[in-house]
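Work through the two exercises below with the sequence and the model at hand. Each task is followed by a solution in steps.

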Amino acid sequence: MGKSFLLSSIGTCLAIQGKKVVLLDADFGGANLHTFLGVSRPSISLTDFFDDKLPLSQLIVEGGIDNMGLLTGAIRSLAPDGIKYAQKLKFFRHIEELDTEYVLIDLGGGTHFNILDTFLLADKMIMVIVPEIISIENMYHFLKNVFYRKLVNSLSAYGLKDVVWKAWKNRAKNNIINLKELVEYLKGLSKRIEDIINMELSNFTVYVILNQIKSHQEVKIGNYVTSVCMKYFDLNAQYIGYVEYDSFISRCINERQPYMQANSASNCANEIKKLTENLLKGRQISIKN
């Protein structure tokens with residue numbers, strides 16, 4: 001919740017620092033990133049890439065401030081499951097070839113494998129949650145699917161596609177309760193699989209942002225979330241920052257004003273600046289009880 005706002009704000013921070021940024025709205029069917037930037041909906045979109053085969057670089061429009069470009073989502077109907085495998089590979093290749101320092105991708109909801117693969121494409125995978133049980137449960141559900149997809153993709157690249165699927169299908173027989181135990185089971189099958197998993201997961205890090213917090217107690221939830229990620233997934237999760245609730249954000253969105261420019265001195269804006277720096281430096285925050 002609030003991921004589009006945060007992504008646009010992080011992009012604004014980078015652009016203000018003079019870094020070249022492209023924001024890519026990959027929320028197919030619900031693209032609205034342009035609204036957070038205070039710009040009109042572009043007449044060109046990812047639909048022109050998938051349907052009319054235009055290069056992604058030709059679809060970038062101005063994002064409202066210097067150094068920032070915007071690639072908006074599909075205008076005409078296009079769902080994640082409507083993208084074919086070859087189209088996805090071409091899409092990823094064009095993203096990697098964009099002439100920019102940073103590409104920030106805003107994904108839609110759900111766990112379709114096209115969404116998971118796009119999430120896994122990132123050098124830095126960011127999860128945005130709010131201090132509510134539904135949001136945290138959704139994060140675990142998404143992360144579980146991402147992690148499983150990463151395992152499947154990693155072993156498939158070495159001709160071991162069915163190993164993960166069979167192990168998980170027979171998890172009761174194999175005494176596997178969670179994904180951490182699945183990884184341990186797979187590593188125990190052979191030294192080769194152990195080496196592949198260790199190599200492929202060595203850089204698997206998720207960066208957690210806690211949004212819309214209203215008290216110091218809620219700030220601590222970020223620590224809890226990263227601890228659980230380690231316990232049940234055995235993955236590295238870093239708590240890079242939090243953003244307090246600010247009613248002025250909704251007002252800015254409704255008036256199509258970029259928040260970071262309209263209220264740059266607020267606590268919320270300063271918190272976004274800090275977490276952006278933490279993200280760049282791979283630095284997490286420490287919250288004391």
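**Exercise 1: cysteines**

Cys-13 is buried, at a relative accessible area of 7% (buried is under 20%, exposed over 50%, partly exposed in between, with a 1.4 Å probe and protein chains only). This is a predicted model, in which local features need pLDDT of at least 70 and side-chain atom pairs pLDDT 80 or more, while totals for chains, interfaces and linings use all residues. Residues are numbered from 1 along each chain as its sequence is written, and side-chain values use heavy atoms, without hydrogens and water.

Step 1. A disulfide is a pair of cysteine sulfur atoms within 2.5 Å.

Step 2. Cys-252 is in no disulfide either, its nearest cysteine sulfur, in Cys-268, being 9.7 Å away. Cys-252 is buried, with a relative accessible area of 1%.

**Exercise 2: a pocket lining**

Task: find which helix supplies the largest share of the lining of the second largest pocket, and sort the lining by class.

Step 1. The lining has 19 residues; Asp-117, Leu-120, Arg-149, Asn-153 and Ser-154 lie nearest the pocket centre.

Step 2. Helix 4 (85-96), helix 5 (113-121), helix 6 (133-156) and helix 7 (161-169) each supply at least two lining residues. Helix 6 gives the largest share, seven residues.

Step 3. By class, nine lining residues are nonpolar, three polar and seven charged.

Definitions and conventions:
On a 1 Å grid over the protein atoms alone, a cavity is a set of points where a 1.4 Å probe fits but cannot get out, and a pocket is an open set with protein on both sides within 12 Å along at least five of seven lines; lining residues have an atom within 4 Å of a point. Helices (H or I, at least four residues) and strands (E, at least two) are DSSP runs, numbered from the N terminus. Ala, Val, Leu, Ile, Met, Phe, Trp, Tyr, Cys and Pro count as nonpolar, Asp, Glu, Lys and Arg as charged, and the others, Gly among them, as polar.
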